Amino acid sequence: MKKLDLYIIRKFLGTFFFSMVLILSIVVVFDLSERLEKFIENEAPVKAIIFDYYLNFVPYFANVFSSLFTFISVIFFTSKMAYNSEIIAILSTGISFRRMVRPYMISAGVIACLSLTLSAFIIPNANKKRIEFSEQYIWKKYSNKDENIHQQIAPGVFIYMTRFNVYSQRGDNFTYEVFKKDTLVTKLSANSIVWNKEKKKWTLNNWVLREFDGINETYTTGNALDTVYNFTVNEFTEDPKKIKERLTLPELDEYIARQKLRGSSNVIEFQIEKYKMFSGAFATFILTLIGVCIASRKIRGGMGFHLGLGLLISFSYILFMQFSTVFATNGSMSPLLAVWIPNILFAVVAFFVYRAAPK
């Protein structure tokens with residue numbers, strides 16, 4: 001890389017991280033002022049507030065808005081370079097606009113890789129501590145209000161319970177049924193099923209096992225039975241809206257496959273969460289290209305106009321993303337297409353502004 005590349009990369013990444021630290025500091029101050037009363041009321045330890053909540057809140061918030069931070073950073077320092085006639089000086093040496101964009105794309109690649117790594121592997125683990133702290137000191141603990149829970153947990157295997165109590169971790173009127181080619185071969189019924197934390201097993205109380213072999217039936221009963229099933233207590237005790245924030249990419253793939261098998265209605269939300277990891281990283285390149293093309297021209301409005309236009313485009317992107325994901329959640333659009341529609345539209349915009357920028 002030449003001095004020009006290092007100069008732009010240093011400017012880009014320096015502005016990006018500086019703006020991120022500045023904005024996140026303001027966000028933390030506002031969040032603390034809003035939640036301080038809750039912290040005091042629930043006697044949250046200072047150490048837990050700092051290390052369990054805010055230390056995990058900051059990377060989560062930063063990653064969610066990393067594309068916005070990237071775009072604003074590009075607009076800010078490129079507009080300043082244009083105002084100081086640095087862009088004119090660079091292009092007057094014979095360097096093409098395409099060549100000047102290269103260090104921008106390298107910097108965007110660094111940010112995109114960092115964002116993807118954080119969202120796929122690091123932030124989900126941090127969210128576990130943040131959400132656990134929030135449930136203890138900020139929110140009310142999640143209460144499962146579903147009734148007549150009926151799920152397929154494996155091919156031909158179904159479970160049923162009338163309700164599940166989050167606090168006692170107990171399900172009432174539990175049934176476990178195994179079908180083979182639409183024929184019922186095993187049915188296990190119990191008055192209740194309780195999660196045993198110490199043994200890491202389920203305990204069935206007052207159970208009845210019926211096994212069918214043609215016209216023959218085997219009937220077995222018992223008071224208590226410890227067993228293991230391929231579903232966990234977390235699936236009933238955790239808020240479904242928060243589960244997706246705790247899953248790494250491999251865990252998300254596994255969860256989606258399991259929910260598809262069970263015919264769950266919320267599988268689309270988890271697919272959207274998965275596709276957002278990649279589309280968000282790719283959006284960094286698109287917004288960077290739009291930003292440099294817009295801000296590299298010296299205009300009468302100066303930096304203020306560039307920043308205003310940059311914020312308008314950024315929020316338009318976020319708005320498009322929200323609209324498309326709503327359509328996907330309602331089942332009228334493919335989750336993959338819904339997540340990538342904003343990138344496709346803004347990629348077209350980036351193409352035209354890139355073609356026009358050298359002129």
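Two strands count as paired if DSSP finds at least two bridges between them, and the helices (H or I, at least four residues) and strands (E, at least two) named on this tour are DSSP runs numbered from the N terminus. The model is predicted, so local features are given where pLDDT is at least 70 and side-chain atom pairs only at pLDDT 80 or more, while totals for chains, interfaces and linings use all residues. Residues are numbered from 1 along each chain as its sequence is written, and side-chain values use heavy atoms, with hydrogens and water left out.

**The sheet**

Begin by selecting the strands: six of them form an open sheet in the order β1-β2-β3-β4-β5-β6, with antiparallel pairing. At the edges stand β1 (147-154) and β6 (216-227), and because each has a single partner strand, one side of each is left without a neighbour in the sheet. Neighbouring strands of this sheet are turned by 15° against each other on average, direction ignored, where the axes are lines fitted to C-alpha atoms (for helices over the stretch in contact) and angles run from 0 to 180 degrees between N-to-C directions.

Next, select residues 170-180 and 183-196, which are β3 and β4, an antiparallel pair joined by 10 bridges; in this pair, G171 has I193 of β4 as its bridge partner. Moving on to residues 201-213 brings you to β5, which pairs with β4 in the antiparallel sense over 10 bridges, and here T186 stands opposite E211 of β5. Four residues lie between the strands in the hairpin of β4 and β5, where K200 takes a positive phi near 55°.

Most residues other than glycine have a negative phi. Stay with the sheet for N148, which is found in strand β1 and has a positive phi near 55°. At 48% relative accessibility N148 counts as partly exposed, on a scale where buried means under 20% relative accessible area, exposed over 50% and partly exposed in between (1.4 Å probe, protein chains only).

Then select S85, in the loop between α3 and α4, whose phi is also positive, near 65°; S85 is partly exposed, with a relative accessible area of 31%.

**The nonpolar core**

Now turn to the largest nonpolar core, which has 50 residues, and select F39, Y104, F133, I290 and V292, those with the most contacts inside it. Such a core is a set of buried Ala, Val, Leu, Ile, Met, Phe, Trp, Tyr and Cys residues joined through side-chain atoms within 4.5 Å. Helices that each supply at least two residues of this core include α1 (3-41), α4 (86-92) and α11 (335-356), and α1 gives the most, with 10 residues.

The largest pocket holds about 800 Å³ of space, and of the 28 residues that line it, N63, V64, F65, E273 and K276 are the closest to its centre. A pocket is found on a 1 Å grid over the protein atoms alone, as an open set of points where a 1.4 Å probe fits, with protein on both sides within 12 Å along at least five of seven lines, and lining residues have an atom within 4 Å of a point. Grid points are joined across faces, edges and corners, and the volume is the space filled by probe spheres set on the points.

Select α9 (267-295), one of the helices that supply at least two residues of this lining; α9 gives the most, with eight residues. By class, the lining of the largest pocket has 14 nonpolar, 10 polar and four charged residues, where Ala, Val, Leu, Ile, Met, Phe, Trp, Tyr, Cys and Pro count as nonpolar, Asp, Glu, Lys and Arg as charged, and the others, Gly among them, as polar.

The second largest pocket has a volume of about 580 Å³, and T232, N234, E235, E238 and R246 are the closest to its centre among its 23 lining residues. Finish on α8 (249-262), from which comes the largest share of the lining of the second largest pocket, four residues. That lining has seven nonpolar, four polar and 12 charged residues.
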